[in-house]
Each structure stands twice: as structure tokens, then as C-alpha cells.
Amino acid sequence: MRATTAFNKMLVIEGASVRAVDFTCRGVEVGLRLRARRLRCPCGWSTRAVYDRSRRRWRHLDLGAAKLFLVAEIRRLHCRRCGRVRTEQVPWARPDAWFTRDFEDVVTWLAQRTDKTTVATLMRCSWAAVAAIVTRVVADHVDDARLEDLYRIGVDEVSYRKGHRYLTVVADHDRDGAVVWAAEGKDAAALEAFYDQLGPERVRRLQAVSLDMGSAYAKATRTKAPQVTRCIDPFHVVALANDALDTTRRWAWNQARQGRPAADPRGRRRHPLKAERHARFRQIKHSRWALLKDPARLKDSQHTVLEELRRSRHVLWRGYEIKESLRDLYRLDHPADAARHLDAWLARTCRCRIPAMVKLSQTIRKHREHILAAIELGLSNSKLEGLNSKIRLINHRGYGHHSATALIAMIYLCAGGITVSLPTQT
Ligand SMILES: [Zn+2]
């Protein structure tokens, strides 16, 4: 069998046939001849008029240990629709790519699952090439259809580059929190751009948007989508309560250091002995994770820490009860009881004499209506909560250090519900 016949049978390149095979020091070079006479622009327009010709190489999937390249003479055309000279579209590669579709699909499939160094090493290409490939393939998969049929959405900011830069991310609550849109920035203008892209028709169909407690996204929603019910995402409420509890812990520590018995929420004062003070310090110091963790997931030692706080009627136990009672809001059997539960909580907490908790109650009171709206509309188990950790994972795998464009592509790939098939999966 001739080498060209063998490669024709092996590679099965769509729209072309193998006319030569060269074994060079760089690897195997397979010369192709395009079958189509007509030149097709990436925009879809086609012609028979050739503007000029040139040779181009594409990296294809490896042949054993050897790198494999496809080489073909391709033509440029003057596209009437694009109004400029463009390179013709070939069936085996995406426009402007130096890799074949199969190669790019494998890289992207891997990028969805593993870290950047592994992908670059396995595929023998550079980090920059991995990023460029992912961006190109995701652009191929992301279309405007994802913006259709949006009813309940969530908006959140996510940080990258160690918290120096921000993205605004929009997710669809009705599709398990799949990301439908992302852009740079975290101000009102960033979200307004989303509503603009959606257009008035699709904005009218929106019913609810869940947000954080900041003013930027609320402002953008008020101006661009005034009819939409604004909700506060439950995880922002819980995070705020955790912050307040952590502040309380530091406050209690300072109180203990100054010899003031912070363990007394009802105002009785007494001076602890030295040993007792030492025990208090230890108690406060060791309580951090026990206080912040979900009670259902506590370790035995953490249960003991909490039990000690409870028995000594420590101020931190009071703070803990306040936090858990607020979390109960999202665990009610009957959502109709939410308003009553929240009001009782507010009345109790604003009189608790723990500064951070009083402040928390004031913030919660300000957002009461939107917090209750989230429960009423069933957005109380937010799908967005996992988004931040997904993006942290993307960063951790080495994809978050470069441009916002590359990171956004990775977010669509890993959190946007995109399915990339391997060339071997048909
Ligand atoms: Zn064109």
C-alpha cells in the first residue's frame, strides 16, 4: 500500500485528500489537496475568484511519538459580505487557528478536567496556545441561544488575580446555575451591559434577579429592568452573619484581654481569676471554625468547644445562636412563616448588646423585603454559591492569571454547561 493511501485511510480528513507524506525532523508532514473548487469565507459567503494563495501548516493529533502536521495550499478571497480579504475556511480547522479542530477539541476537553500544565505537557504545546485554543473553541460553542428563556437569574461578582480584578457573572437559576454571561468589572455599568445585550424583549420576560447587598447591581437593575423582583442571594446573608460572628469573636478576645468579662450578655460583671482568664482565651481562640461551620458537619472536638461555650453562657454562644437562627430562615418547613421568623429575629437581635450583631440586624432590616422575596420565589437554595469555588478552582488550575477574555472562556467552559466531544466520540 502506498503511504498516501495509508494516511488517507488513517486520517480521514474531511474535504481533502492526502497527496504527499514527508518525514522531517519536526515530525510527519502530510500534504493535502482541497477538493472544493469554491472558496468559502468564514462568514459563509462563497466565490470562485481567488485573491492569492499560500501554504499553511496545522498541528494535528500526534502520530505515536511523532508530531503530525497537515500542510495545504490555501487561498484568500475578497469577501463582499465582510468587505475585506479573508482566508478561506477549511473543514479541518477553525478560522485563524494553527491547530486542527480535533487537536483543539482534545485540548479543550482536557482543560475542562485538569490543570493547564498537564494539558500543555501532554499535548506538547505552550500555555499561551492552550489559552488561545480554549477561547476559540468556547466562542464556537457559546451562542446567543443561551440568553433565550431567562426567567430567574442571579448576578454576582467574582475576583481574580488575587482579588485585584473583578468579573460580573450572570447565571441561570433554572438551569442549575449555569453561567450565561460574564464580563469585566463589578460596577453598575458592567451589569447594564448585560441588560443591553439581552434587549427590551427578553428583559421584559425576566421575573427575578438575585443579587448581593451592594448598591451597584441593584442600581443597574432598577434602571434597566425595573419590573424585575430583586432578591438577596441567601449565601450573601449567611456570609454576612458569619462575618459578624467572626468580628464578635475578635471583640470577645479583646474584652477578655482587657480583663472585662465578655462572657456576660446580661450586664453582670465580675473579675475572673488568672487561670479562668487563660481558659477563656483558649476557648475563644479554638472556637473559630466550630462557630462558622455548618452544625451538621462539625467534628466531635468542635462539638465539645461549642458545648463548653454553651455551658459557660459565653457571649460567643449567644452570637452563635443568633447566626444559626438567621440561617433557620432558609430551613423553614413553611416559607409562609419567613416574615414572622425574620421579624422576631430582628427584634431579638437589635437588643442583644453585641455590637457586630446589632450592626448585622440593621443591615438585614434594610434588605428585609429582598431577603423575603428570595424565599417566596424559591431562590433560597442558591445555585450561585458554588460558582465562586468553581472559579477559585479554575484559578488554582493555572487558568486565571492571564487576560479576562481567557478566564471568561474558562468560566463558560467549566460553569456554562458546555459539552465538548472528543474526536473519538461520535
Ligand atoms: Zn466574509
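This is a predicted model: local features need pLDDT of at least 70, side-chain atom pairs count only at pLDDT 80 or more; totals for chains, interfaces and linings use all residues.
1. Let's begin with the overall layout. The protein is split into domain 1 (1-98), domain 2 (144-233 + 382-415) and domain 3 (234-376). As you can see from those bounds, domain 2 is given as two segments, 144-233 and 382-415. The centres of domain 1 and domain 3, taken over C-alpha atoms, are separated by 66 Å.

2. Next, have a look at the five-stranded sheet. This sheet is open, its strands follow the order E10-E9-E8-E11-E12, and the pairing is mixed. At its edges you will find strand E10 (178-184) and strand E12 (229-232), each of which pairs on one side only. On average, and with direction ignored, neighbouring strands of this sheet are turned by 25° against each other.

3. Strand E11 (residues 208-211) runs parallel to E12, and four bridges join the two.

4. Now for the helix pairs, starting with H5 and H6. Helix H5 (residues 188-205) packs against helix H6 (residues 216-224) at an angle of about 30°, and their axes are 9 Å apart. Angles under 35 degrees count as roughly parallel, and H5 and H6 are therefore roughly parallel to each other. Their crossing is right-handed. On the H5 side the contact is made by Ala188, Leu191, Glu192, Tyr195 and Val203, and on the H6 side by Ala216, Tyr217, Lys219, Ala220 and Lys224. By class, the residues of this contact are seven nonpolar, no polar and three charged.

5. The second pair is H12 and H14. Helix H12 (residues 338-349) and helix H14 (residues 368-376) pack at about 145°, with 10 Å between their axes. Here too you can check the handedness: H12 passes H14 in a right-handed crossing. H12 brings Ala338, Ala339 and Leu342 to the contact, while H14 brings Arg368, Ile371, Leu372 and Ile375. The residues of the contact of H12 with H14 divide into six nonpolar, no polar and one charged.

Conventions:
Residues are numbered from 1 along each chain as its sequence is written. Axes are lines fitted to C-alpha atoms, for helices over the stretch in contact, and angles run from 0 to 180 degrees between N-to-C directions. Angles under 35 degrees count as roughly parallel, over 145 as roughly antiparallel, 65 to 115 as roughly perpendicular and the rest as oblique. A crossing is left-handed if the near helix is turned anticlockwise from the far one by less than a right angle, and right-handed if clockwise. Two residues are in contact if their C-beta atoms, placed from the backbone, lie within 7 Å. Ala, Val, Leu, Ile, Met, Phe, Trp, Tyr, Cys and Pro count as nonpolar, Asp, Glu, Lys and Arg as charged, and the others, Gly among them, as polar. Domain bounds come from an automatic or database domain assignment. Two strands pair if DSSP finds at least two bridges between them.
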